Amino acid sequence: MPRIYIFLFFIFVLGSTLSASEVFCTHCKKKIVGNYLLDSNKNPYCSKVCFSVILPRCTICKKVIDGPYRSLNNKSYCSDKCFATTLPKCKLCQLPGTQFFKIAEESFCPECMKLDKCASCKKPHKALKDNKDGRKFCENCLVFLIFDENKAKELYLK
Ligand SMILES: [Zn+2]
Ligand SMILES: [Zn+2]
Ligand SMILES: [Zn+2]
Ligand SMILES: [Zn+2]
């Protein structure tokens, strides 16, 4: 979508003597008395509120966009902040980004990929626990590991 340039024109209508040229608001259909606004197609609007309905709105925060904006897939965003909410987030640091590594359907950013990875699930983690055998595991995997070990012991005792 190209950037939209809105041209505002303020026009003075001189009282009721000009009844032949009655003007009605394009949006609320009310008769306009006094100043009004015109859009680029010369449609009149009674107020800024009515005029703002033709302005694009941010897909995320629903604010009227009256300046430069970002658009993607026919959707408009008022700011980089709103735009960033649509981007995928890193599973670990929760920061939005455009480049990700996928491990088991979960996305990790290049920064997090520099961290140590769990020996079992291969995902990066901030705090890996050292196992007796020297390998590092994440908390989730360690729970299963201990569970498996206990089960193995149980079977052995039988
Ligand atoms: Zn109106
Ligand atoms: Zn917004
Ligand atoms: Zn990350
Ligand atoms: Zn793991």
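1. Helices (H or I, at least four residues) and strands (E, at least two) are DSSP runs, numbered from the N terminus. By this rule the protein chain has 4 helices and 9 strands, and along the sequence they follow the pattern β-β-β-α-β-β-α-β-β-α-β-β-α.

2. This is a predicted model, in which local features need pLDDT of at least 70 and side-chain atom pairs count only at pLDDT 80 or more, while totals for chains, interfaces and linings use all residues. Residues are numbered from 1 along each chain as its sequence is written, and chains are lettered from A and ligands numbered from 1 in the order in which they are written.

3. The term pLDDT denotes the predictor's confidence in each residue, from 0 to 100. Its average over the protein chain is 82, and 84% of the residues score at least 70. Confidence is highest in helix α3 (residues 110-113), at a mean of 96, and lowest in strand β1 (residues 9-11), at 40.

4. Over residues 1-20 pLDDT stays under 50, and the model has 17 contacts beyond four places in sequence for them; two residues are in contact if their C-beta atoms, placed from the backbone, lie within 7 Å. Where pLDDT is low, the predicted coordinates should not be read in detail.

5. A residue is buried if 20 or more other C-beta atoms lie within 10 Å of its own, exposed if 12 or fewer, and partly exposed in between, with C-beta atoms placed from the backbone. Of the 158 residues of the protein chain, 13% count as buried.

6. Cysteine 46 lies in the loop between β3 (44-45) and α1 (48-52). Cysteine 46 is classed as buried because 22 other C-beta atoms are within 10 Å. Apart from neighbours within four places in sequence, its contacts are Cys25, Cys28, Lys30, Ile32 and Tyr36.

7. Cysteine 46 also belongs to the largest nonpolar core, whose 6 residues are Ile32, Tyr36, Leu37, Tyr45, Cys46 and Phe51. Such a core is a set of buried Ala, Val, Leu, Ile, Met, Phe, Trp, Tyr and Cys residues joined through C-beta atoms within 7 Å. Within this set, phenylalanine 51 is in contact with Leu37 and Tyr45, leaving aside neighbours within four places in sequence.

8. Threonine 59 is in the loop between α1 and β4 (70-72). Threonine 59 counts as partly exposed because 19 other C-beta atoms lie within 10 Å. Not counting residues up to four places away in sequence, threonine 59 touches Lys75, Ser76 and Tyr77. Its C-alpha atom is separated by 8.2 Å from that of cysteine 82, 23 residues apart along the chain.
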